[in-house]
Amino acid sequence: MSDPTCTPAEAWARLLEGNARFVSDAASSADTSRARRAELSLGQRPFALIFGCSDSRVPAELVFDQGLGDLFVVRTAGHTLDAAVLGSVEFGVGVLGIPLVVVLGHEACGAVAATATALERGSVPGGYVRDVVERITPSLLAARRDGASTIDAYEAEHVRSTAALLADRSAVVAAAVAGGRCAVIGVTYPLVDGRAHLVDAVGDVGAEPAPGATQDAGRDAAQDAAQAAAPA
């Protein structure tokens, strides 16, 4: 079974190895046998939590070439955060002891594009799609403030913002990051190339994010949140 006691850096390295296999069309054959299913019926020990977009083109298990029981996956349109998502992430980190949380965004995200359109036209869609757009809007406003003008640039900022927000909103995640037991990273995924790119890291994963990321600021936010949550 997977080992959640590995370090955040080891978990990220394992994901990168799987992604490299995926990119080179050399994906391993995942064990979906009855024996493997029986083993997992006794309990799960995933080594990474993926919080990604619901887009059908970005299935985390395939993108990172992992099998049954390896990943704890949470998905919403545009990887938007709400109370249920935070609870799911806290279950993964606090109960299962997962050492790495990955916010997985992707190229040509429809939810981000819908938000950009809403901002340009000054109107929002109806129904609960409006809730998705409203949750993504702060990321796009921040990206525009910094001069971004493309959907992919908006998405990169939304990934960074979501990773920082996870560490800021969840005292469980913040404490795990501050204690070195977990890291939260932001990753973008190009649809054709398929190679995952690190754009932000809250905590230490043994690699530097792409230029413009906010690793130190994110780490400080996590530490501040952990201190605020600590008993007096």
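Guide: A quick definition before we start: helices and strands here are DSSP runs, numbered from the N terminus. Also keep in mind that this is a predicted model.

Visitor: What share of the residues is buried?
Guide: A residue counts as buried when its relative accessible area is under 20%. The protein has 232 residues, and the buried share of them is 46%.

Visitor: Let's zoom in on Thr188. Is it buried or exposed?
Guide: Thr188 sits in strand 4, which covers residues 183-189. Leaving aside neighbours within four places in sequence, Thr188 is in contact with Gly105, Ala156, Val159, Arg195, Ala196, His197 and Val199. Its relative accessibility is 15% and the cut-off is under 20%, so Thr188 counts as buried.

Visitor: How are helix 5 and helix 6 oriented to each other?
Guide: In general, two packed helices are described by the angle between their axes and the distance between the axes. For helix 5 (residues 110-121) and helix 6 (residues 129-145), the axes are 9 Å apart and the angle is about 75 degrees. Angles of 65 to 115 degrees count as roughly perpendicular, so helix 5 and helix 6 are roughly perpendicular.

Visitor: Which classes of residue make up the contact of helix 5 with helix 6?
Guide: Helix 5 brings residues including Ala111, Val112, Thr115 and Glu120, while helix 6 brings residues including Val132, Ile136, Thr137 and Arg144. Sorted by class, the contact has 11 nonpolar, two polar and two charged residues.

Visitor: And how does helix 5 lie against helix 7?
Guide: Helix 7 spans residues 151-169, and its axis is 10 Å from that of helix 5, at an angle of about 110 degrees. That value also falls in the range of 65 to 115 degrees, so helix 5 and helix 7 are roughly perpendicular.

Visitor: Which residues of helix 7 meet helix 5?
Guide: By class, this contact divides into five nonpolar residues, one polar and one charged. Helix 5 contributes Val112, Ala113 and Ala116, and on the helix 7 side they meet Ile151, Tyr154, Glu155 and His158.

Visitor: Where around helix 8 are its buried residues?
Guide: Helix 8 covers residues 171-178, and its buried residues are Val173, Ala174, Ala176 and Val177. An α-helix has 3.6 residues a turn, so residues three or four places apart point the same way.

Visitor: Which residue follows helix 8 with a positive phi?
Guide: The phi in question is near 80 degrees. The residue that has it is Gly180.

Visitor: Asp25 has a positive phi as well. Is Asp25 buried or exposed?
Guide: Asp25 has a phi of about 60 degrees although it is not a glycine. Asp25 is in the loop between helix 1 (8-23) and helix 2. Exposed means over 50% relative accessible area, and with 73%, Asp25 is exposed.

Visitor: What is the phi of Ala108?
Guide: Ala108 is in the loop between strand 3 (100-106) and helix 5. At 40% relative accessibility, Ala108 counts as partly exposed. Ala108 is not a glycine, yet its phi is positive, at about 55 degrees.

Visitor: How far apart in space are Arg37 and Gly69?
Guide: Arg37 is in helix 2, and its relative accessibility of 46% makes it partly exposed. Beyond residues up to four places away in sequence, Arg37 touches Thr32 and Leu68. Arg37 and Gly69 are 32 residues apart in sequence, and their C-alpha atoms are separated by 8.9 Å.

Visitor: And what separates the C-alpha atoms of Arg45 and Gly97?
Guide: Arg45 is in the loop between helix 2 (34-40) and strand 1 (48-53). Along the chain, Arg45 and Gly97 are 52 residues apart, and the C-alpha separation is 8.3 Å.

Conventions. Residues are numbered from 1 along each chain as its sequence is written. This is a predicted model: local features need pLDDT of at least 70, side-chain atom pairs count only at pLDDT 80 or more; totals for chains, interfaces and linings use all residues. Side-chain values use heavy atoms; hydrogens and water are left out. Buried means under 20% relative accessible area, exposed over 50%, partly exposed in between (1.4 Å probe, protein chains only). Helices (H or I, at least four residues) and strands (E, at least two) are DSSP runs, numbered from the N terminus. Contact means heavy atoms within 4.5 Å. Axes are lines fitted to C-alpha atoms, for helices over the stretch in contact, and angles run from 0 to 180 degrees between N-to-C directions. Angles under 35 degrees count as roughly parallel, over 145 as roughly antiparallel, 65 to 115 as roughly perpendicular and the rest as oblique. Ala, Val, Leu, Ile, Met, Phe, Trp, Tyr, Cys and Pro count as nonpolar, Asp, Glu, Lys and Arg as charged, and the others, Gly among them, as polar.
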